[in-house]
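Good morning, and thank you for joining. I would ask you to keep the sequence and the model in view while I speak.

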Amino acid sequence: MGGSGGMGGMGGMGGSSMFGGMGGPSGFGGTSSGRSGGGGSFFGMPRSMPSERPSPRHQSSTSTSTSAPAPAPSETTRPLKLSLEELYTGTTKHLKVGRRLLGGSTEEKVLEIQVLPGWKSGTKIRFPRAGNEQPNGEAQDLVFVVEEKPHDVFTREGDDLICRLKIPLVEALIGVDGKKTIVALDGRKLQISLPGGVVKPNQETRIPNEGMPIRKQGSTKKKGDLIVRCDVVFPDRLTPSQKEGLKKLLG
């Protein structure tokens with residue numbers, strides 16, 4: 001099973017939707033769905049995608065050798081873009097997609113994906129036979145691949161979360177008074193105590209068990225760490241009197 005995902009389950013229609021109307025020879029108007037008629041829902045199971053495609057067969061004669069066209073891929077992939085908040089808490093997504101049928105018509109389906117806490121970029125969710133119908137009568141698999149959206153505050157490094165905290169130069173030199181508040185991905189307000197004394201650029205404070213959920217064997221039992229890195233903000237310019245004052249103070 002590729003990535004760290006599990007089987008998508010039923011949920012409310014509260015998740016955001018995405019229309020699968022991509023053009024191109026591989027379907028859904030490019031992407032495709034399973035071999036059933038009418039409306040309905042499919043449930044996806046994360047699993048590894050084949051790393052190789054079948055090689056084309058060759059026909060040979062006594063004088064020349066020609067290659068038959070390569071068979072159509074057994075699957076088609078689409079990105080599933082998720083925010084850090086969705087990957088932290090989990091959510092349910094409902095995606096409207098279409099597929100191309102063998103007779104030339106198209107069919108639409110609503111696919112449901114239950115996003116589990118701790119999923120990472122690269123997690124794959126497979127819908128067997130939910131893709132375009134092929135000339136041999138078989139339907140492709142449809143595979144969604146998780147892509148993590150950039151976040152304004154946090155960066156993910158493995159199971160840890162990195163938060164860059166801006167501190168003015170004056171505070172960095174004379175010491176930070178009190179605590180700094182950081183709003184976690186689930187909305188909680190965390191009070192962070194920074195080390196006393198002079199704060200150096202990129203100085204870190206680590207808060208255990210406040211990072212991303214860690215999925216092992218289909219469940220989450222602990223989290224990574226939250227790492228607060230100090231970004232000391234330097235002024236763009238100084239007046240002559242400020243420069244003189246700094247020389248007297250630090251010289």
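I begin with a pair of residues: Phe 127 stands opposite Leu 142 in S9. Before going on, please note that this is a predicted model, in which local features need pLDDT of at least 70 and side-chain atom pairs count only at pLDDT 80 or more, while totals for chains, interfaces and linings use all residues. Residues are numbered from 1 along each chain as its sequence is written, and side-chain values use heavy atoms, with hydrogens and water left out.

S8 and strand S9, residues 141-148, pair in the antiparallel sense over 4 bridges; two strands count as paired if DSSP finds at least two bridges between them. Strands here are DSSP runs of E with at least two residues, numbered from the N terminus. The open sheet has 3 strands in the order S5-S9-S8, with mixed pairing. Strand S5 (75-82) and strand S8 (124-127) stand at the edges with a single partner strand each, so one side of each has no neighbour in the sheet. From one strand to the next, the twist averages 25°, taken between lines fitted to C-alpha atoms, with angles running from 0 to 180 degrees between N-to-C directions.

Within strand S5 we find Lys 81. Lys 81 has a relative accessible area of 48% and is therefore partly exposed; the scale is buried under 20%, exposed over 50% and partly exposed in between, with a 1.4 Å probe and protein chains only. Its C-alpha atom is separated by 6.2 Å from that of Lys 149, 68 residues apart along the chain. Setting aside neighbours within four places in sequence, Lys 81 is in contact with Glu 86, Glu 147 and Lys 149, where contact means heavy atoms within 4.5 Å.

The loop between S8 and S9 holds Glu 133. Is this residue, Glu 133, buried or exposed? Glu 133 counts as buried, because its relative accessibility is 17%. Its side chain reaches the backbone nitrogen of Leu 102 at 2.8 Å.

Finally, I turn to Arg 156, in strand S10, residues 154-157. Arg 156 is buried yet has no salt bridge, and the nearest side chain of opposite charge, Glu 148, is 4.0 Å away. A salt bridge requires a side-chain nitrogen of Lys or Arg within 4 Å of a carboxyl oxygen of Asp or Glu. What the side chain of Arg 156 does reach is the backbone oxygen of Gly 118, at 3.3 Å. A polar atom of that side chain also lies 2.8 Å from the backbone oxygen of Trp 119.

Conventions. Lys, Arg positive; Asp, Glu negative; His and termini not counted. Polar contact = N/O pair within 3.5 Å; in protein donor to acceptor, adjacent residues only side chain to side chain.
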